[in-house]
Amino acid sequence: MIVLVLNAGSSSLKYQLIDMESNHVLAKGLCERIGGDSRHKHGIDKDEKVITVPMKNHADALDEVFKTLVDPSEHALSDLSQIDAVGHRVVSGGDVFTESVIVDDKVYKQIEDLVPLAPLHNPPALHAMKACMEKMPGVPQVAVFDTSFFTTIPPKAYMYPIPIEYYEKYHIRKYGAHGTSHRYVAMRAAELMGRPLSELKLITCHLGNGSSVTAIDHGVAVDTSMGFTPLDGVMMGTRSGSIDPAIVTFIMKHENLTPDEMDDILNRHSGLLAISGISNDLREVKAATLAGDERASLAYDMYSNSVKKYIGQYIATMAGVDGIVFTAGIGEHCERMRRMILAGLEPLGIIMDYEKNRLHGSERDISDERSKVRIIIIPTSEEYMIAQDVVELTAPHHEYSPEGFNDFDTFDDEYERNDSSLTA
């Protein structure tokens with residue numbers, strides 16, 4: 001079965017064409033700067049090529065993708081009819097969609113109604129769905145929601161202590177993000193631990209330019225660090241994460257800022273970038289830290305401390321933990337950050353093997369043999385989860401394994417940026 005996986009950002013369109021029978025990526029690429037100085041990056045690893053081509057909108061981008069996929073020189077497809085189904089990453093399903101769904105007119109309208117919860121990201125996904133339905137009539141379109149994994153979070157964790165009419169009028173509550181990634185690594189962690197997911201208490205740490213931590217109790221998400229938007233939670237590359245809300249109104253009053261200007265500061269000019277004064281790229285912050293830069297060192301310490309606090313919080317929430325999982329650019333590649341995050345947690349039975357932590361590789365256990373809690377690194381593969389959901393909904397008699405999907409690029413870019421730059 002051949003599945004096309006699409007991730008439509010506000011000005012980008014990422015895609016992977018996957019043969020689910022062989023776990024083989026037939027093609028992948030990125031159309032970026034849609035509506036502006038657009039270009040198309042297509043190819044796998046060293047074979048990637050960059051094509052400058054005008055794309056006014058996502059329909060134009062899909063035309064470019066389809067043209068490339070059937071180009072005889074690319075050896076991907078001979079005809080679009082070979083695509084059996086399309087999976088679309090949708091950022092917000094609100095509290096409406098608890099699982100992935102086949103898109104029909106009703107589902108399309110429901111996703112449209114949720115646009116206020118993700119105004120930058122749901123509209124492009126809808127544009128991609130509509131274009132696919134027009135260009136590939138009869139081919140199933142499946143919506144896979146970042147938020148659906150978190151619809152199991154109880155009210156005590158998803159409600160905010162503000163006047164309840166704002167929840168009733170505007171649906172203000174915790175929705176989370178990165179759910180597809182957290183779901184994937186939890187599933188793989190259970191397999192690596194040789195135990196059913198339904199028996200485990202896991203804390204999954206998706207750490208990249210956008211970062212989130214999730215508590216998964218016996219296979220069910222019970223809390224997550226991102227909230228009403230992806231701005232909440234741990235400190236990130238350019239996002240502040242959780243701060244005293246009074247800071248927002250204080251700065252707005254004293255700096256005479258509009259809501260949009262304040263939003264821009266918190267989302268694009270805070271986090272590692274703001275504290276280090278150097279970069280949102282952890283590699284650059286790390287290099288400056290090792291060179292003795294005090295602000296960079298502070299940024300590094302603040303990031304590790306913010307993740308550590310959520311781990312401690314979720315151990316308390318679940319009354320224990322069996323495994324801690326690290327994934328995404330920083331989580332997979334930064335041995336120093338992992339070490340700092342878990343430093344001092346030995347009395348809780350969390351003991352890292354520092355030699356294993358320094359080694360490179362794909363999926364691996366870095367726990368010390370004395371550790372009561374397994375510490376595992378798992379490269380995320382949201383594409384696999386999206387494609388697998390497509391298979392389960394459109395061809396439920398087929399079963400595929402995730403083995404072989406770990407070399408895929410991830411959609412862990414926090415919706416616009418690629419986390420591959422954050423691999424310190």
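Modeller: Let us start with a rule we will need at once: two strands count as paired if DSSP finds at least two bridges between them. The model we are looking at is predicted.

Colleague: Thanks! What makes E1 and strand E2 (residues 12-19) a pair?

Modeller: They are joined by 7 bridges and run antiparallel. The rule asks for at least two bridges, so E1 and E2 count as paired. A hairpin of 3 residues links E1 to E2. Within this pairing, Leu-6 has Tyr-15 of E2 as its bridge partner.

Colleague: And in which sense do strand E1 (residues 2-8) and E6 pair?

Modeller: In the parallel sense, over 4 bridges. Leu-6 turns up again, with His-88 as its bridge partner in E6.

Colleague: Why is E1 called largely enclosed?

Modeller: A residue is buried when its relative accessible area is under 20%. Among the 7 residues of E1, 7 are buried, so the rest of the structure largely encloses this strand. Ile-2, Leu-4, Leu-6 and Ala-8 point one way, Val-3, Val-5 and Asn-7 point the other way, and all are buried.

Colleague: Which strands form the open sheet that has E1 in it?

Modeller: There are 8 strands, in the order E5-E4-E3-E2-E1-E6-E8-E7, and the pairing is mixed.

Colleague: What makes strand E5 (49-52) and E7 the edge strands?

Modeller: Each of these two strands pairs on one side only.

Colleague: Let me try two loop residues. Why does Gly-93 count as buried?

Modeller: Its relative accessibility is 0%, and the cut-off for buried is under 20%, so Gly-93 counts as buried. Gly-93 sits in the loop between strand E6 (85-90) and strand E7 (101-102). Beyond four places along the sequence, Gly-93 touches Leu-114, Phe-145 and Thr-147.

Colleague: And why does Val-103 count as buried?

Modeller: Val-103 has 9% relative accessibility, which is also under 20%, so it is buried. You will find Val-103 in the loop between E7 and helix H2 (105-113). Leaving aside residues up to four places away in sequence, Val-103 touches Tyr-108, Met-129, Gln-141, Val-142 and Ala-143.

Colleague: Why does Tyr-166 count as partly exposed?

Modeller: Its relative accessibility is 35%, while buried needs under 20% and exposed needs over 50%, so Tyr-166 falls in between and counts as partly exposed. Tyr-166 belongs to helix H5 (residues 164-170).

Colleague: Which residues form a nonpolar patch on the surface with Tyr-166?

Modeller: Ile-162 and Tyr-170 do, and the three together have about 290 Å² of accessible area.

Colleague: Now the other sheet. What is the order of the open sheet of 6 strands?

Modeller: The order is E11-E10-E9-E12-E14-E13, with mixed pairing. E11 and strand E13 (364-365) are the edge strands, each pairing on one side only.

Colleague: How do you know that E9 and E10 pair?

Modeller: DSSP needs at least two bridges, and these strands have 6, so they pair, in the antiparallel sense. E9 and E10 form a hairpin with 5 residues between them, and Lys-201 stands opposite Asp-217 in E10. E9 also pairs with E12, in the parallel sense and over 5 bridges; there Thr-204 stands opposite Val-325.

Colleague: What lies between E10 and E11?

Modeller: The two strands form a hairpin with 2 residues between them, and His-218 in the turn has a positive phi of about 55°. E10 and strand E11 (residues 220-224) pair in the antiparallel sense over 4 bridges, with Thr-214 opposite Thr-224.

Colleague: What makes E10 mostly covered?

Modeller: Of its 6 residues, 5 are buried.

Colleague: How many residues has the largest nonpolar core?

Modeller: It has 41 residues, and those with the most contacts inside it are Ile-203, Ile-311, Ile-324 and Leu-342. Elements giving two or more residues to this core include strand E9 (201-206), strand E10 (212-217) and helix H11 (294-318). H11 provides the largest share, 10 residues.

Colleague: Which residues does Leu-342 touch?

Modeller: Not counting residues up to four places away in sequence, they are Lys-308, Ile-311, Ile-324, Phe-326, Ile-350, Met-352 and Ile-375. There is also a second, separate core of 33 residues, with Met-20, Ala-186, Ala-189 and Ile-216 among them.

Conventions: Residues numbered from 1 in each chain as written. Predicted model: local features only at pLDDT ≥ 70, side-chain atom pairs only at ≥ 80, totals over all residues. Heavy atoms only, no water. Core = buried A, V, L, I, M, F, W, Y, C linked by side-chain atoms within 4.5 Å. Buried < 20%, exposed > 50% of the residue type's maximum accessible area, 1.4 Å probe, protein only. Contact = heavy atoms within 4.5 Å. Patch = residues over 30% accessible without salt bridge, like charges linked within 9 Å, V, L, I, M, F, W, Y side chains within 5 Å. Areas by Shrake-Rupley, 256 points an atom, 1.4 Å probe, with all protein chains shown as cover. Salt bridge = Lys/Arg side-chain N within 4 Å of Asp/Glu carboxyl O.
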